[in-house]
Protein chains: 2
Amino acid sequence: MKLATLRNGDRDGQLLIVSRDLKKAIQAKSAPTMQLALDNWNTVAPRLEEEYKDLNNGNTNAAFDFDEAACTSPLPRAVQWLDASAYVNHVQLVRQARGAEIPETFWTDPLMYQGGSDTFLAPHETIKMETTDWGIDMEAETAVILDDVEMGSKETLALSRVRLIMLVNDVSLRGLIPAELAKGFGFLQSKPSSSFSPVAVTPDELGSAWEDGKVKLPIHVDLNGKPLGRANAGVDMTFNFAKLISHAAKTRPLCAGTILGSGTISNKGKDGGPGKPIQEGGLGYSCLAEERMVETILTGKPTTPFMQFGDNVTIAMYDNDGKSIFGSINQTVEKYNPPA
Amino acid sequence: MKLATLRNGDRDGQLLIVSRDLKKAIQAKSAPTMQLALDNWNTVAPRLEEEYKDLNNGNTNAAFDFDEAACTSPLPRAVQWLDASAYVNHVQLVRQARGAEIPETFWTDPLMYQGGSDTFLAPHETIKMETTDWGIDMEAETAVILDDVEMGSKETLALSRVRLIMLVNDVSLRGLIPAELAKGFGFLQSKPSSSFSPVAVTPDELGSAWEDGKVKLPIHVDLNGKPLGRANAGVDMTFNFAKLISHAAKTRPLCAGTILGSGTISNKGKDGGPGKPIQEGGLGYSCLAEERMVETILTGKPTTPFMQFGDNVTIAMYDNDGKSIFGSINQTVEKYNPPA
């Protein structure tokens, strides 16, 4: 089943059911919003599935052309947004770029931060920032949306609570991160509003690509129309979603509608070291910080700038037939003028 | 105006209007839930005010006895829970207790973390934990609930967005904090579900006690029926709510329904050093970590244990006539058995 949310002026939007090929959509009859569907998933999901079947089979005359640009993030706001850093390779490279080491425990104890879930950007919304001095970067990730998770759930139980899967752009302000990390209280100003793919899908839509709590497909990240990254989300994921959910629920339950991100997808190079740019035959990068790190290793300093006003990033994932699964995140950076 | 949320089986509960003396309540007609009231505050609040007047004047026959124990937290779940550490004295003492120094910037740049907002405990709900080895502690605080805040709002504009004020018990697991602080990603497992006072009030209800973005009244913290703390929330608050909101909104807007906490209320002693226990003529402590710190200074080691199974904490605040403003947080610690 594929779901999306239509911008309709309400804060939580209108739940849409989207055809498997992303061409058509209908307003869901079984629940008005994504959150209300998740709040009552066991009763609502079977009815949504019926609507989804009718849509795919052409058995509805309420269908209209699906427009990704008319969507908000699947949850325009959520009760929780947790983001891990499960590709420890990414952490290692980013820290190296700052001249810092990672502790050995980072390979056994997941890194995860609590993100702001109140104001997600739409998939095609501009990223507005006062200044590019803050080091605007994308982070391309996979994420799951959960049903209720009991406190203390072990990994198998935890994984059974995954209801939907989508992509994320965890927008990051690299220049503000070191000071916030040093304070120890986590990211606040350095992680502005994230955006998510227009479409969230049930795990069965991924077929065998959803396995062992990982999405085993490449994530396509393009910067200004040129390929930046094709890292495989199923490779080098040190902690799978079973482990991540269980980690998050250790000391408290998680409410239905919780979004949990994988962290920036990052594959090691063939020699086990940092990957290469796509233009040089590598898999590239899911964020600019990694590219800058590799440049630092090779030349002593980074040459690729962070995102500038006018720069555009797209993030998408394709099935083995080359068809888009989630639609595209498509965002351009724009200058913001704060209120006086 | 005083508002609360009645547990009614729905995830967001039923919005109540509570009489000024906390004796009577009515189901709000103008909005079904607290979040929906906040989503449309400008149009809904005047109608809630009318209902509140009628209740206080006895002009309604729908009123029933107000029962704090039947309430969820004013927002049973929220789009955002941000918690500052605005009483830098608290941070200094807690860090001293761990043998760590605080950087000078902590006095000028607010500490704030993103907390989990998906599963708040009810004001009278037990605090269930697998083990007391995690060092279960209370943190008594004030908090504000905000309307929408524009990204980049300066302090005066930010403060104008405060819609409601309440109390918090920011339950903390002291034993898990040092490792999470060291990871830099903020608190996750070490900050389980928080709880809030049964009643949230508009700033005008505090009269002159709401001044300069601070609540200028003592917070009453009792442990097992004995006074633990009477620190004044208006004293030694290094950063007021204007500063805190503006800090939170620097790189992104905040959605209506955002909760922002002050951090543990902590007053310095008369000599500028750590305070004394109430039993020795001091103002006591809003968390056990501080008491243990003072013991460490005086005797070389802490003697007060963290909360044990069966221990009870209450948190309340009274006006100058001795009347409870927000009702009481009243929580007992209980053993939790996780799913197999």
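Guide: Let's start with Cys287(B): its relative accessible area is 0%, so it is buried (under 20%; exposed is over 50%, partly exposed in between, with a 1.4 Å probe and protein chains only). Bear in mind that this is a predicted model, where local features need pLDDT of at least 70, side-chain atom pairs count only at pLDDT 80 or more, and totals for chains, interfaces and linings use all residues. Residues are numbered from 1 along each chain as its sequence is written, chains are lettered from A and ligands numbered from 1 in the order written, and side-chain values use heavy atoms, leaving out hydrogens and water.

Cys71(B) is buried too, at 1%. Its closest cysteine sulfur belongs to Cys255(A), but at 19 Å that's too far for a bond. Searching the whole structure turns up 0 disulfides over all chains (a disulfide being two cysteine sulfur atoms within 2.5 Å).

Staying with chain B, Asp212(B) has a positive phi, near 55 degrees. Asp212(B) sits in the loop between β15 (210–211) and β16 (214–215) of chain B (strands are DSSP E runs of at least two residues, helices H or I runs of at least four, numbered from the N terminus), and at 47% it is partly exposed.

Asp236(B) also has a positive phi, near 65 degrees. You'll find Asp236(B) in the loop between β18 (226–229) and α6 (241–248) of chain B, and it is partly exposed at 28%.
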